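Visitor: Please take me through the contacts and strand pairing of this model, starting with the conventions.

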Amino acid sequence: MKKRTVFISLAAICAAVVLTAVGVAVYKHFAYPFKKKLLGESIGNAGLRYIHGDYIYDSKTGKKLIRDIDWLYVSCSDSIGILAKEGKRAYINLNNAELLTPLTYDKAWAFVCDRGVMVRNDSVFIFRRDGSQVNSEGMPYHKEYELVFFHNNLVIHGTPDLVGVIDTACNWLLPPEYKKISMDYNHRLYNTQKKDLWQVLDFDMSTVLKGDYKDVTIDWSEGIIATEYNGIEHLFSYEGKMLYEVIYASIRELNYKTDKKDKFGDPVYTPTNCYVYEAYNGKCGLMNRQYKILTPPQFNNIEAQTQHIFFATFGDYFSRFGTLIDETGRPLR
């Protein structure tokens, strides 16, 4: 009887050992990956990770490197990010979590063309990739929305009303004497206005188009549109070659409402001797049946009152007003 009892006890012990071993194996198979699960976003190329709005840690050691982060800007194509903490900004090396600049700046933009731009106390500072400043003294900050280098140049204000272009060494390529400088990234052009003179330049600062125009617009797909003071618009190529001396957005027949009605009781409209043409900028003008321009495109709309009298309007829908013109484009008094 005793031998049987000992046998059962040994069997029970063996079973327990086996079950324990199986349980440990199951635990390691399922629980261990969760214990080692990586949290947050991978940054840089040395195994660092970022928990959004909290901290950066080393996934190899688990050590927290920077705590209490407001946010972190990470570029998928650069190892330099922007760290925000306690309302301030700094550039950070995403490979080792070391700050490249002091955490004392109020605004920051991403590194482009190996240059970063930050603002502190209404002054603009340009930085190299090692965190050193290009300009020892800050440039005045005039509330620009975006300060990012492109093609090694930066469009920046010199005064609240005048803008210019600097290079990566903070030298003025275009002095801050322009009322407007806009960039066309697709065709690599600057569109500038200096007093009443418009000038389109390529990114090498060579002149493409220059003239005393009312307006110049770089269309994204067709070319450069220059508007004369009389409203007539020309189309140039992106290289500055005249393509068409006069361009229109649309031409429509101008009809007037007669006293007659059709069989359904609706008023009958009859063509006048004129067309309405619309310019690229949306303004309207009058032309005759031979497509001769009678008025410049300076109206918001033209409506026929009679066969020979038209109401040409200015202003928008809330402040519309206008004048009467005849079929030759002359105003009626």
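Guide: A salt bridge here is a side-chain nitrogen of Lys or Arg within 4 Å of a carboxyl oxygen of Asp or Glu. The model is predicted, so local features need pLDDT of at least 70 and side-chain atom pairs pLDDT 80 or more, while totals for chains, interfaces and linings use all residues. Residues are numbered from 1 along each chain as its sequence is written, and side-chain values use heavy atoms, without hydrogens or water.

Visitor: How far apart are the closest N and O atoms in the salt bridge of aspartate 78 with arginine 129?
Guide: Under that rule the model has eight salt bridges. In the one between aspartate 78 and arginine 129, the closest N and O atoms are separated by 2.7 Å.

Visitor: How many residues apart are aspartate 78 and arginine 129 in the chain?
Guide: Strands are DSSP runs of E with at least two residues, numbered from the N terminus. Aspartate 78 is in the loop between β5 (71-73) and β6 (80-85), and arginine 129 is in the loop between β11 (123-127) and β12 (139-140). The pair thus links distant parts of the chain, and the separation is 51 residues.

Visitor: Is aspartate 78 buried or exposed?
Guide: Buried means under 20% relative accessible area, exposed over 50%, and partly exposed in between, with a 1.4 Å probe and protein chains only. Arginine 129 has 32% and counts as partly exposed. Aspartate 78 has a relative accessible area of 16%, so the class is buried.

Visitor: Which residues are linked with Asp78 in a network of salt bridges?
Guide: The pair of aspartate 78 and arginine 129 is a salt bridge. The network with Asp78 also takes in Asp114 and Arg129.

Visitor: Where does lysine 194 lie, given its salt bridge with glutamate 177?
Guide: The closest N and O atoms of glutamate 177 and lysine 194 are 2.8 Å apart. This pair also links distant parts of the chain, 17 residues apart: glutamate 177 is in strand β15, and lysine 194 in strand β17.

Visitor: Over which ring does the charged end of lysine 194 sit?
Guide: A charge sits over a ring if NZ of Lys or CZ of Arg is within 6 Å of the ring centre and within 35 degrees of the ring normal. The charged end of arginine 120 sits over the ring of phenylalanine 125, 5.2 Å from its centre. For lysine 194 the distance to the centre is 5.6 Å, and the ring is that of tyrosine 178.

Visitor: At what angle are the ring planes of tyrosine 190 and phenylalanine 203?
Guide: Rings of Phe, Tyr and Trp (its six-membered ring) pair if their centres lie within 6.5 Å; planes under 30 degrees apart count as stacked, over 60 as edge-to-face and the rest as tilted. The structure has 13 aromatic pairs. The ring centres of tyrosine 190 and phenylalanine 203 are 4.8 Å apart, and the pair is tilted because the planes stand at 45 degrees.

Visitor: What is the relative accessible area of tyrosine 190?
Guide: Phenylalanine 203 is buried, with 6% relative accessibility. Tyrosine 190 is buried as well, and its relative accessible area is 0%.

Visitor: Which strands stand at the edges of the open sheet of three strands?
Guide: Two strands pair if DSSP finds at least two bridges between them. The sheet has the order β13-β14-β15 with antiparallel pairing. Each edge strand has a single partner, so one side of each lacks a neighbour in the sheet; these strands are β13 (153-157) and β15 (172-178).

Visitor: What is the bridge partner of glutamate 253 in β25?
Guide: Strands β24 (residues 250-261) and β25 (residues 267-278) run antiparallel and are joined by eight bridges. In their hairpin, with five residues between the strands, glycine 265 has a positive phi near 85 degrees. The partner of glutamate 253 in β25 is tyrosine 275.

Visitor: With which residue does arginine 289 form a salt bridge?
Guide: Arginine 289 is partly exposed, at 28% relative accessible area. The closest N and O atoms of this salt bridge are 2.9 Å apart, and the partner of arginine 289 is glutamate 253.

Note on methods. Helices (H or I, at least four residues) and strands (E, at least two) are DSSP runs, numbered from the N terminus.
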